[in-house]
Amino acid sequence: MQALTSMVAVLGLFVFMTLPALIGIAHERRIDRQIQRAGAARAAAGRREEPAAPRPASGAAPHRTARAA
């Protein structure tokens with residue numbers, strides 16, 4: 001009877017330790033599927049990404065933020 005109780009306890013701890021990882025894997029797979037669907041929908045709609053904003057001239061002064069004294 002002690003062996004059965006110990007085995008159940010070990011299995012319970014195993015599930016307790018692995019459950020967060022398994023939930024995380026399932027969550028990431030769901031996000032990957034959503035990203036793939038969004039990419040397919042964008043391709044089907046023929047929508048193209050807009051070009052990036054122009055970069056500032058090389059001689060332009062960099063933007064600096066004020067620092068606390």
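The bend at a residue is the angle between axes fitted to the seven residues ending there and the seven starting there. Keep that in mind for the second stop.

This is a predicted model, where local features need pLDDT of at least 70, side-chain atom pairs count only at pLDDT 80 or more, and totals for chains, interfaces and linings use all residues. Residues are numbered from 1 along each chain as its sequence is written, and side-chain values use heavy atoms, without hydrogens and water.

Start with the whole protein. It has 1 helix and 0 strands (DSSP runs, numbered from the N terminus: helices are H or I, at least four residues; strands are E, at least two). Of its 69 residues, 0% count as buried (under 20% relative accessible area, 1.4 Å probe, protein chains only).

Next, select Thr 18. Here H1 has a kink of about 40 degrees.

Now select Leu 11, found in H1, residues 2-45.

Finish at Gly 46. This residue follows H1. Its phi is positive, near 75 degrees.

Conventions:
Buried < 20%, exposed > 50% of the residue type's maximum accessible area, 1.4 Å probe, protein only.
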